[in-house]
Amino acid sequence: MTSKMAMRILTAIVALIFLVSWITKSGSGMSDSSFTNVRDGFLITFAVFLTLSIFSFLYRDNPFYKFAESLYVGISAGYWMCYGFWSTVVGNFVPRASRSLSEFFHVPYQEHADHILIYIPIIFGLILLTRLLPKIGWLSRWSLAFIIGATAGLNLTRYLRSDFISQVSNSFIPLFVDWKGVGSFISHISLAADGQFIAILSNWVIFVGVMCGLVYFFFSKEHKGAFGVASRIGIWILMITFGASFGYTVMGRISLLVGRITFLFGDWLKIL
Amino acid sequence: MTLHDRLLALDRRWVFGVLALFVIIPLTPMFSNFSVPVTPVKEVREIYDFIEGLKPGDYILLSLDYDPGSLAELHPVAYAMLEQCFAKRLKVITLTLSQTGAQMVEEAVKDVADSCKLYHGFTPERGIDYVYLGYKPYPGLIILGMGMNFRIPFPQDYYGTTLDSIPMMRGIKNYDNVKAVINLSAGNVSDYWVADGNARYGVKLALAMTGVMAADYYPYYQSRQIFGIIGGMKGAAEYESLCKNPGTATEAMKVQVFAHVVIIIFIIIGNLAYFLGRRQTAPTQESR
Amino acid sequence: MKRQIPLVLVFVFGVLLAIQYFVPSEASQRGYEFVLDWITIIGIFAMVLGIWSQIHVGYNKIKHRSEDWQYSVVTLVSMFAMMFFGLSFFGGLHGTIFRLIYNNVFIPIQATIFSLLAFYIASASYRAFRARSAVSTVLLVAALLLMLRVIPTGPLADPINKIGNWMLLVPNLAAKRAILIGVGLGGVATALKIVLGIERSYLGKD
Amino acid sequence: MKYIILLFLTCLTLCLSQAILAQTASLDPPAEAALVPSEPPAPPSNVRVSDLPNDDGHGIQVKWNLSPDDGAGAKSVISYDIYRADTPDAPDSLWKKVGTAVLGIKSYADKGERDAGSRDYLPKHTNLYYRVYAVGAGVRSAAAAAGPVQATDDWFNDMKVPELVFCVVFLILTVRFINMAKKGADLYVRPLAGIEAIDEAIGRATEMGKPILYVLGIGTAGDIATIASFTVLGRVARKVAEYQTSMIVPCIDPVVMTIAQETVKTGYADAGRPDAYKEDSVYYVTSQQFPYVAAVNGTILREKPATNIYLGYFAAESLLLAETGVLAGSIQIAGTDQVSQLPFFVVACDYTLLGEELYAASAYLGREPLLLGTLKAQDYLKAIVLVCMIALLALRVITGADVIRKPFDMPWW
């Protein structure tokens with residue numbers, strides 16, 4: 001009971017702050033028209049309210065977050081439907097399906113398109129909708145089979161080059177860059193970034209890393225003995241990479257937060 | 001419950017709260033005098049030293065090829081560098097190869113020129129101290145064309161004045177007449193500058209770019225195809241510090257440094273707690 | 001009928017499109033474009049199923065007054081409102097109200113949710129970066145090194161920067177390559193399993 | 001990789017060059033005329049034309065020898081313009097400019113459109129003639145017209161022989177291992193912690209009386225990671241039905257939702273409990289990344305699932321989901337083929353399937369001989385790659401010769 005009471009008081013306070021800030025905000029607008037001022041004041045205050053509601057999730061789940069989330073999901077779904085309708089249905093489908101519909105939506109009718117072929121996906125689409133009818137719902141699997149079969153066929157070959165062939169062929173790197181004998185190597189050894197030592201070291205790391213990484217992903221053999229050592233090195237290389245990528249990303253994520261903070265304190269409260 | 005137990009089970013809301021605090025604090029006026037000591041790395045310093053080493057009247061070309069989306073990271077460099085060039089009384093040729101950047105770059109160049117009055121007591125004049133050539137599409141061809149003559153891709157500047165009637169452009173034909181090209185980029189334009197500008201015409205080239213891109217271009221720095229590189233917010237702050245002209249990058253770096261220190265301290269605390277806990281529980285495990 | 005036809009469809013389209021990759025001729029290119037188009041158009045019909053699912057789930061919650069049913073009302077109302085303002089009468093995607101809602105509700109929430117990552121990356125680091133074992137120590141040290149790049153460390157700045165860059169370029173390349181080679185192989189294997197009908201759990205039982 | 005990108009960018013430049021040079025020419029002709037000593041560069045020579053290989057029959061390859069003034073001589077060449085006409089002696093107005101190549105380039109691929117109505121249409125099986133100009137600043141000179149040439153279709157792209165060989169080898173290996181498996185050969189696969197955890201996790205959910213959350217990622221049904229995730233979903237659903245727990249599957253795409261519904265239904269039917277399947281347990285949220293994350297995060301905190309399984313294609317939401325799951329106290333198992341998101345899953349989740357392991361998961365869970373057969377075929381190919389790499393590099397070190405030269409001879413620091 002007390003928590004319910006506290007929640008109500010909290011809601012009331014938030015509503016009050018919201019109202020007050022809206023009024024002050026709309027009074028300080030730049031525009032001449034008072035309607036635009038009031039509207040913009042409301043909108044920015046509302047945006048701030050939503051921003052804080054989302055941040056409140058960090059403390060715990062609460063009605064404000066639930067509200068912002070539901071609103072966001074609803075608006076996103078509505079936006080997506082509109083977008084899908086205008087870009088795919090009107091932009092892609094109507095111009096090839098019917099002249100009168102094209103005229104209705106003011107899109108140019110495509111004279112030369114192959115009109116018969118467009119009925120095949122329409123049939124598949126209608127079959128898909130049989131899901132909504134319990135009796136013949138199994139028919140929809142035909143459409144699913146088409147989609148799955150087609151995408152599997154596309155994927156069977158499409159990424160072979162970028163993911164497999166070029167990755168393998170790019171791994172043929174010189175392991176002894178500019179090799180002029182052991183004597184020369186030792187006498188010129190240095191930690192300079194563009195030195196021979198670093199170049200050779202880097203290429204060895206890449207070569208050994210790829211090898212051991214592949215060994216790590218081997219399913220048929222247990223990680224024991226020499227095989228285990230190699231897979232161990234493989235996982236180390238993977239972990240160095242993951243750690244480095246993680247650490248590198250921190251800066252970008254903090255920048256996102258700074259953007260939100262400046263919105264709250266700069267654009268809204270104008271105290272920064 | 002001992003201290004390390006508490007630390008190990010620390011509610012993450014403490015982490016959130018402390019982080020939020022240390023992101024907001026450096027932005028408050030309290031910290032306006034506080035500055036992060038920035039140690040410029042070699043590849044940033046080289047660009048600064050190069051520009052400092054130029055004589056008044058030397059020409060330099062700034063290709064500001066970023067869009068408003070990457071403004072936060074690259075604007076600080078553009079401002080600091082332009083001001084440095086103006087203060088050195090260099091002749092600056094500016095242009096953009098980013099479609100959405102044309103107006104933004106114009107405003108930036110004007111802005112710096114106007115503010116020079118305040119800090120250096122003279123106002124660089126358009127046409128005498130700097131030109132802004134504007135935007136043209138297809139960066140690769142523009143860069144190649146300028147290698148022949150600036151007038152091929154840019155017969156006129158942004159404002160429609162033919163280059164021959166601009167005082168500072170008289171007798172300035174192509175890259176041979178500029179000391180260096182500095183490319184500030186948020187996209188693949190840098191590839192064109194390296195491949196077409198540097199490789200084909202031997203332009204002395206330096207790059208400033210967003211943090212995400214920078215790591216990919218270090219090989220060019222290593223092979224000396226470019227003589228310097230400024231990466232992201234951090235590079236921008238370093239350049240500002242070299243110019244003794246702290247701006248928005250220095251400001252944002254305050255937040256970054258605070259946030260990173262907070263996170264690292266948390267990691268250290270977590271590890272200390274872990275090791276303390278392990279030392280205490282270890283004997284009981286043995287006796288069992 | 002219920003099971004054979006779908007399997008035949010999967011096999012026929014799978015094999016045709018796999019072969020298409022190797023055939024550059026005009027007929028093959030056109031066929032490829034058609035199939036891509038078809039998938040998009042079937043997607044439009046699937047959208048109906050999406051709306052249906054959303055309404056169905058929301059309606060059931062409201063009807064049974066299950067926990068938090070009020071929020072389902074918010075979702076459904078905002079969805080229909082957005083669809084209503086997206087009608088051509090209001091200017092479609094470029095309508096004033098549509099854009100106002102998008103810019104003042106959608107964008108701020110989006111940016112805020114994205115910025116939650118700043119907090120999460122901090123709490124994940126605190127919890128996970130502990131030197132429990134050799135492997136997790138490697139992870140910890142690599143992450144710390146990259147984070148230290150941002151902090152002014154005076155004379156250490158240059159070496160830290162260099163080691164950081166090296167880690168991003170060299171071991172990163174090796175690990176990415178090892179993973180990608182595996183992913184390339186695994187992708188082919190998965191597609192093959194589907195096309196050959198070895199894997200058919202999505203096709204129903206009866 | 002960088003070289004490939006550069007090559008690609010150069011090609012792009014070439015393709016786009018036509019428009020820009022046309023534009024520069026029309027910008028301010030008097031200014032240009034004023035600055036150029038009007039001596040046209042020497043023309044290119046020996047123009048050769050042939051059908052563009054490996055295309056759909058609407059492309060011609062044009063090659064020429066560089067003008068003596070290109071990079072040498074008067075150094076006055078900026079670019080080459082390529083023109084096309086139906087007859088060799090057509091008047092200038094009937095020659096159509098099809099493209100531009102910058103100085104130093106000796107060939108151009110004239111790739112036309114297929115549709116007769118479009119602007120860049122290049123007819124098939126028709127005699128065509130080509131002319132190449134060397135262009136200086138405002139002046140140009142042409143080589144003699146070359147032709148005739150006809151564009152023709154090709155039925156096999158010989159650039160893709162490696163892929164074909166690979167596919168055939170893979171298919172043979174797969175069939176071989178599947179046959180072995182059918183005959184009852186023992187195909188050993190080493191245990192994978194992440195996959196064994198799935199079984200435990202379902203058991204744990206049963207004990208706790210809480211649901212299992214299964215997230216298929218933000219990919220569409222066209223992503224191979226999503227397809228792989230479906231195959232795992234079917235097996236998880238079957239186990240869930242056997243253990244009589246419940247599961248929640250929020251989806252980001254209507255097609256993905258439909259397939260997921262069918263998959264889960266099948267899983268329940270396989271377990272002999274088709275009645276236990278509830279249609280609303282697999283539902284559509286919305287098709288955008290962050291709204292989807294907001295909704296799933298809410299679900300995680302409200303339902304407090306015993307186990308969260310994230311398998312499929314993921315982007316920035318990986319950490320958002322995984323950290324919320326930690327807060328809810330769920331056991332978390334993740335897997336994706338997105339290398340950039342793996343660090344976040346590795347840090348925040350209890351078990352992570354790295355790349356390929358996601359694809360292997362269904363074979364592990366099902367333990368059916370057919371699936372293990374494909375897994376074995378994968379392993380054999382990996383072994384072949386390993387051996388080839390070591391052998392070729394050893395050969396290179398021993399002979400000192402570049403067996404296969406690759407553009408990686410640059411310092412990596």
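In this predicted model, the interface of chain A and chain D holds 5 salt bridges by the rule applied. One salt bridge joins the side chains of D:Arg302 and A:Asp61, with a distance of 2.8 Å from N to O. Between chain A and chain D there are also 19 residue pairs in polar contact, counted where both residues have pLDDT 80 or more. On the side of chain A that touches chain D, at least two residues each come from α3 (63–97), α6 (140–158), α7 (160–169), α9 and α10.

The extent of the contact between the two chains is summarised here.

| Item | Value |
|---|---|
| Residues from chain A in the contact | 60 residues |
| Residues from chain D in the contact | 69 residues |
| Area buried between chain A and chain D | about 6,000 Å² |
| Part of that buried area from carbon and sulfur atoms | 72% |

Within chain A, the residues that lose the most area to chain D are A:Phe172, A:Phe219 and A:Phe242, which together account for 14% of what that side buries.

A nonpolar patch lies on the surface, formed by A:Phe176, A:Trp179, A:Val182, A:Ile186, A:Trp204, A:Val208, A:Val229, A:Ile233 and D:Val397, and these residues together have about 760 Å² of accessible area. Two or more residues of the patch come from each of α8 (182–187), α9 (196–216) and α10 (225–268) of chain A. A:Trp204, one of the patch residues, is located in helix α9 of chain A. Its relative accessible area is 34%, so A:Trp204 counts as partly exposed.

Methods: Residues are numbered from 1 along each chain as its sequence is written. Chains are lettered from A and ligands numbered from 1 in the order in which they are written. This is a predicted model: local features need pLDDT of at least 70, side-chain atom pairs count only at pLDDT 80 or more; totals for chains, interfaces and linings use all residues. Side-chain values use heavy atoms; hydrogens and water are left out. Patches are made of residues with over 30% relative accessible area and no salt bridge: like charges are joined within 9 Å, nonpolar side chains (Val, Leu, Ile, Met, Phe, Trp, Tyr) within 5 Å. Accessible areas come from the Shrake-Rupley method with a 1.4 Å probe; for residues, only the protein chains shown count as cover. A salt bridge is a side-chain nitrogen of Lys or Arg within 4 Å of a carboxyl oxygen of Asp or Glu. Helices (H or I, at least four residues) and strands (E, at least two) are DSSP runs, numbered from the N terminus. Buried means under 20% relative accessible area, exposed over 50%, partly exposed in between (1.4 Å probe, protein chains only). Contact means heavy atoms within 4.5 Å. Buried area is the accessible area (1.4 Å probe) that two parts lose on being put together, summed over both. A polar contact is a pair of N or O atoms within 3.5 Å; within protein, one must be able to donate a hydrogen and the other to accept it, and residues adjacent in sequence count only if both atoms are side-chain atoms.
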